[in-house]
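These are my notebook entries on one structure. I list what I looked up, entry by entry.

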Amino acid sequence: MDPIRNPYAPGAGQRPPELAGRDAELDAFDVVLQRVSRGRPERSLVLTGLRGVGKTVLLGALRSAAVRQGWGTGKLEARPDTSLRRQLSAALHLAVRELGAGGSPAREADRDHVLGVLKAFAQRDAGTDSKLRDRWQPGIDVPAIPGRADSGDIEIDLVELLTDVAGLAGDTGRGVAVFVDEMQDVGPDDVSALCAACHELSQERLPLIVVGAGLPHLPAVLSASKSYSERLFRYARIDRLDRAAADLALRSPARDEDADWADDALEAMYRATAGYPYFVQAYGKVAWDVAPRAPIGVDDVRVAAPEAERELAVGFFGSRYERATPGEREYLRAMADVEHELSPDGVAEAGAATAPADGSGVPTSAVADHLGRKPQSLSPARDALLKKGLVFSAERGRIAFTVPHFGRYLRSHG
């Protein structure tokens, strides 16, 4: 069929034409926005899930919902090598400007005051060296206001800054939402400060919320930072689509282009993709291109599958595998073998621990046994893979891939 009209959009963080299966999260967030705007107590939100389930896309959809409500918004993607202070300064700069746009002179003066506090907060990223501060400016065109949010203690400064930003939002009758992607990569001191600030805002019922997204072990990261984080955030696990939602993600865009899918083709697509949103888009795009005519049939899916798998092997799986060193790759392949051995479809030894179906991974002791090594000797490889975001540990003594079907990829590309 016509590739120009192909509606499917596989891509990192790229919104699909039909955001299927996420209505519950969107509806719940609309309630949060309205409650916070009315001064009602609400928790900030954390989305967790494997890579490829659509966390970043959903984060963008939630931000759009906040914008439609007139909220000030800012978004950042956490990186291990960048301070939260600098990234958050840029995100809040945008949010504060949105709040003050088109207001009265008095409101603009209040906005400029908050921007001055924000500038002072941002400049502390350069430390106490005035020359560094002169070389790096946060792009805020008002003078810095010293004495507020610039102590150098990130927890104190963040509480003061977000309190001022939320106060400005409250004066306008709106709110502020800060969206943090890859939240598991926020440094320990910064994540502790962020939790403390959210706690203070919640107690004061100020209209500012944080919406984070990250890998499945993010709740453990937050809990290790502040014990009360379990009560501070509402956690939503973002998982693969069920059959009805996966069918909708394929069928609705096709029908918008006067095309459709045969029922048996949709069944074959679900078997191939297991409902993971990224895979649904990747397979859907190739199936559209190879199909000679509508409706797309099961034979078209069979022809498309090898090409879709090759593209995923290069772009989705291979690019991650290439980041690993030889020793780390050995560990990954051992994980894949153990995963298969302990899965219901594999052949597990009698009495062996079984691999759960919820994505919590395999025992690290089983990986060590598979390699004939002591667990302690594998710690450097395991720790490096954790830092690279290729694996995660949601509970002590277990390790799992952050990417769905990664084990199957490794076994087929042995």
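Entry 1: the end of helix 1. I looked at what follows helix 1 and found Gly 39, whose phi is positive, near 80 degrees. I worked on a predicted model, in which local features need pLDDT of at least 70 and side-chain atom pairs count only at pLDDT 80 or more, while totals for chains, interfaces and linings use all residues. Residues are numbered from 1 along each chain as its sequence is written, and side-chain values use heavy atoms, with hydrogens and water left out. I took helices (H or I, at least four residues) and strands (E, at least two) as DSSP runs, numbered from the N terminus.

Entry 2: the length and sides of helix 1. I compared the span of helix 1 (residues 23-37) with expectation: its 15 residues should span 21 Å at 1.5 Å a residue, and the end C-alpha atoms are 21 Å apart, which agrees. The expected span is 1.5 Å times one less than the number of residues. I then listed the buried residues of helix 1, which are Glu 25, Phe 29, Val 32, Leu 33 and Val 36. They lie on the same side of helix 1, because they cover an arc of only 100 degrees around the axis; the arc is that of the directions from the helix axis to the C-beta atoms. I recalled that an α-helix has 3.6 residues a turn, so residues three or four places apart point the same way. I used "buried" for under 20% relative accessible area, "exposed" for over 50% and "partly exposed" for in between (1.4 Å probe, protein chains only). On the face turned away from the buried side I noted the exposed residues Asp 23 and Ala 24. The cover over the buried residues includes strand 1 (44-48), helix 2 (55-68), strand 3 (176-181) and strand 4 (208-214).

Entry 3: salt bridges. I counted a salt bridge where a side-chain nitrogen of Lys or Arg is within 4 Å of a carboxyl oxygen of Asp or Glu, and the count comes to 21. I examined the bridge between Asp 157 and Arg 85, at 3.0 Å from N to O. This pair links distant parts of the chain, with Asp 157 in helix 6 (residues 154-171) and Arg 85 in helix 3 (residues 84-100), 72 residues apart. Both Asp 157 and Arg 85 are buried. I next found Asp 260 bridged to Arg 255, with the closest N and O atoms 3.2 Å apart. Arg 255 is partly exposed, as its relative accessible area is 49%. A network of salt bridges links Arg 251, Arg 255, Asp 260 and Asp 263.

Entry 4: I found three strands in the order 6-8-7, with antiparallel pairing; two strands pair if DSSP finds at least two bridges between them. Strand 6 (362-363) and strand 7 (391-392) are the edge strands, each pairing on one side only. Two bridges join strand 7 to strand 8 (residues 398-401), and Phe 392 stands opposite Ala 400 in strand 8.

Entry 5: Thr 364. I located Thr 364 in helix 15 (residues 364-371). Thr 364 counts as buried because its relative accessibility is 19%. Leaving aside neighbours within four places in sequence, I found Thr 364 in contact (heavy atoms within 4.5 Å) with Tyr 331, Arg 382, Gly 397, Arg 398 and Ile 399. I also noted Tyr 331 among the buried residues of helix 14.
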